[in-house]
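Here are a few notes to read alongside the model. Have it open and follow the points one by one.

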Amino acid sequence: MADSRRRSRRPAAAGPAAVLSTLERVRELGLARGLRVLARVNQVEGFDCPGCAWPESLPRKALEFCENGAKAVAHEATPKRVTRELFARWSVAELAAQDDAWLEAQGRLTEPMRLAPGASHYAPISWDAAFERIAEYLHQLASPDEAVFYTSGRTSNEAAFLWQLFARMFGTNNLPDCSNMCHESSGTGLGESIGEGKGTVGLADFELCDAIFVLGQNPGSNHPRMLTVLQAAKRRGCAIVSINPLRERGLVSFANPQEARGLLGFGTPLADLFVQVRVGGDVALLQGVAKGLLELEDAAPGTVLDREFIATHTEGFEAWHAALAKRSFEELERGAGVTRTEMRALAQLYASARAVIACWAMGLTQHEHGVANVQELVNLLLLRGNIGRPGAGPCPVRGHSNVQGDRTMGIWERPSPDFLARLGAEFEFEPPSEHGLDTVAAIQALHAGRARVFIALGGNFAAATPDTAFTHEALRRAELTVQISTTLNRSQLVAGREALILPALGRTERDTQNGVEQFVTVEDSMRCVHRSRGRLEPAGAELRSEPAIVAGIARAVLGDSPSAPWSSFAADYDRVRERIARVIPGFENMNRRVRDAGGFVLPSAAGARAFRTASGRAHLTVQEPPDSELPPGQLWMMTLRSHDQYNTTVYGGDDRYRGVRGRRVVLLHPEELARAGLDDGQAVELTSHWRGETRRLRGFRAHAYDLPLGCAATYFPEANALVPVGSFAARSRTPAYKSLPISIRADSEATS
Ligand SMILES: Nc1nc2c(c(=O)[nH]1)N[C@H]1C(S)=C(S)[C@@H](COP(=O)(O)OP(=O)(O)OC[C@H]3O[C@@H](n4cnc5c(=O)[nH]c(N)nc54)[C@H](O)[C@@H]3O)O[C@H]1N2
Ligand SMILES: Nc1nc2c(c(=O)[nH]1)N[C@H]1C(S)=C(S)[C@@H](COP(=O)(O)OP(=O)(O)OC[C@H]3O[C@@H](n4cnc5c(=O)[nH]c(N)nc54)[C@H](O)[C@@H]3O)O[C@H]1N2
Ligand SMILES: [Mo]
């Protein structure tokens, strides 16, 4: 545990460098246009930032965006265009030889393109002909379950609702999404423990808590607007704890660019306590903290645990207590890589805080024990009744700006019977009840030939998924792959026998249907549903909105019918929202309420201590700390985002806050470097190990870095080839992107 006041040579997060970097992006759009765009980000009458799902304040600040949000916006609003001439000049093989950053830098897609079977180049196709191709392929399938309908989390509620309706009317629940790779462990863990898969807190709770735990999250890069909220909490005396193998910059020191001090680069230290847990060590750590808490309770009975809450609202306490009693501090210290002194200090801090919020992201979810991580954290919250009262509760911080909303709309391969019954009643059909394919299962089904058509509503499936070689082979075996996208990316180039690219409008752009301007809606990480309306001139006259594209496909496949009039849905999104209001609880009067400034907040039953579990109580669950032992020479590797990327969209090679340049690097403790006989900067080869299988990657460079012994870090998506498709979290099936056993050796043939 280190003191946050220790002096550091690196500059504070955000501050002048962030402002300069933002201005640089804006200049690419032309200064006047760029500033006009940014003034609209996250405003009541503007568009929802496509960056992350962190909520906006009400009333809105004049500038509700951050450096990285500005990058995402500038990327979408770029003046560059991918035209039919580019596709005529470059074959698919030639494009595939370019790196991901080059592909994305070509700009916005402008018209539908088709790669005919056996062809070397994409060629233009009309929208109607493209929809007909899709219908032809879907109609010749032996079963609707041979089709896969993927969704990425930027998709609006309206498009998502139509998309899942179409898939189910077609006859399948094969609706994998990016959430399968993201917060699925949170949804699964929270669902079992507290009866619903979302967080229970709102922004107001951040003004009332006494401590905030931030586990496995790097808000400085991935949710920068969260730092402002942490800073405000800190200033009124709230304690902030970061539990992370890395001392992430944004939590060490934050210079708020919205304040004069911050603009000059003066940083506020945010975290009071850093617990440098080993990669994969959270279950052991949290159990150690719970042990410390029980010691405090024994020393002063009745003052530490919330006995009344435990008795009234939970079950499983005795079994949980008995299981914990059997664990020794020795074994927990080994598992966590943290001493019992630190565990006890954390317990003390937790016990002295009246109300606590626990925030987390991918550092907890992307492990084989991802669900166990989340549930052990919930156990800790339940022990002191830290749920369902002001200033307290679980807060999974979502990634994509509407990933939570897409789930609410029914994008899920395992829909509840209740949801299906309501959907079937509204649209007069019998929805399929059998569960569909999630992301991992979809890859395996495509590989085995059990799935034959793959259609993606956004995202970059070929690059975001694990086991790159296996996944690419799986996509290539498809008969038809379709990408509904805004930019050129890997997934369009790892094509099935036939492939289509359908260019979509982005968030920033005006969406006009039948001469009437439309808006869409999104749900943020804290259950607030609100409008998003773009104002920019669309990047091309041929672009269509996502709702219109989905409706176009559905109409070609299923035809318009009185119960599902697709053309009418696409013409007026109010008609889609009318249906959402009737099918999805909490959306009553959606059209009216979403027009209120700031929208409306979906209720949380767990947040009112009404747990929707079978017993009506929250569960304390018994978790087994994962085995942390590795054979000699192996390390636990996590894959991370840098400061200069949005998921698979890489803007550049500068991870500013971590002071790392270049992306094909592996970060290691200096002692691990020495142990492996490597020099800082040396060319290395990485090998992952899983159930006797190995996967190798060359062309990496070793980089000495402050992270725990026995651990390593690389960047996503460069390292995805090392992640076995079969290595995923128990129950949630989230790929174990952050606990991969690897070995490293010098790459003697590399020219460095
Ligand atoms: N600018 C920008 N913003 C983004 C994104 C982006 O790529 N760029 N992506 C969006 C998306 S989809 C998502 S899901 C979020 C992701 O947001 P994050 O979850 O913050 O992203 P990651 O880089 O995956 O970082 C995971 C953090 O977990 C830590 N960690 C890794 N393993 C462990 C562990 O075993 N235990 C603990 N305690 N910590 C661990 C890492 O050190 C790192 O700080 O961000 C969203 N926002
Ligand atoms: N190793 C490793 N792998 C990971 C992760 C990790 O931490 N480590 N994180 C995982 C996580 S958390 C996630 S969420 C997934 C992300 O997986 P995805 O969501 O599939 O991937 P993205 O990179 O966000 O998708 C970017 C593409 O979306 C398209 N796009 C952008 N905006 C729009 C839009 O408005 N409409 C449409 N139709 N298309 C649009 C663009 O063409 C762009 O190329 O990756 C996962 N993969
Ligand atoms: Mo994500």
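1. A quick term before we start: a residue is called buried if its relative accessible area is under 20%, and exposed if that value is over 50%. Keep in mind that this is a predicted model.

2. Take helix H22, residues 417-427, to begin with. Its buried residues are Phe-419, Leu-420, Leu-423, Gly-424, Glu-426 and Phe-427. Because they span an arc of only 165 degrees around the axis, they sit on the same side of H22. Look at the other side and you'll find Pro-417 and Ala-425 exposed.

3. What covers that buried side of H22? The cover includes helix H8 (157-170), helix H28 (566-571) and helix H29 (573-583). Just after H22 comes Glu-428, with a positive phi of about 55 degrees.

4. Now hop over to helix H16 (residues 317-325), where Phe-317, Trp-320, Ala-323 and Leu-324 are buried. They cover an arc of only 135 degrees around the axis, so they lie on the same side of H16. Glu-318 and Ala-325 are exposed, on the face turned away from the buried side. The buried residues of H16 pack against helices H14 (282-299), H15 (307-313) and H20 (370-383), plus strand E12 (314-315).

5. Last, a helix pair. The axes of H1 (residues 15-28) and H3 (residues 67-76) come within 9 Å and cross at roughly 10 degrees. Angles under 35 degrees count as roughly parallel, so H1 is roughly parallel to H3. Ala-18, Ser-21, Thr-22 and Arg-25 of H1 meet Glu-67, Ala-70, Lys-71 and Ala-74 of H3. That contact's residues split into three nonpolar, two polar and three charged.

Methods
Residues are numbered from 1 along each chain as its sequence is written. Chains are lettered from A and ligands numbered from 1 in the order in which they are written. This is a predicted model: local features need pLDDT of at least 70, side-chain atom pairs count only at pLDDT 80 or more; totals for chains, interfaces and linings use all residues. Side-chain values use heavy atoms; hydrogens and water are left out. Buried means under 20% relative accessible area, exposed over 50%, partly exposed in between (1.4 Å probe, protein chains only). Helices (H or I, at least four residues) and strands (E, at least two) are DSSP runs, numbered from the N terminus. The arc is that of the directions from the helix axis to the C-beta atoms. Contact means heavy atoms within 4.5 Å. Axes are lines fitted to C-alpha atoms, for helices over the stretch in contact, and angles run from 0 to 180 degrees between N-to-C directions. Angles under 35 degrees count as roughly parallel, over 145 as roughly antiparallel, 65 to 115 as roughly perpendicular and the rest as oblique. Ala, Val, Leu, Ile, Met, Phe, Trp, Tyr, Cys and Pro count as nonpolar, Asp, Glu, Lys and Arg as charged, and the others, Gly among them, as polar.
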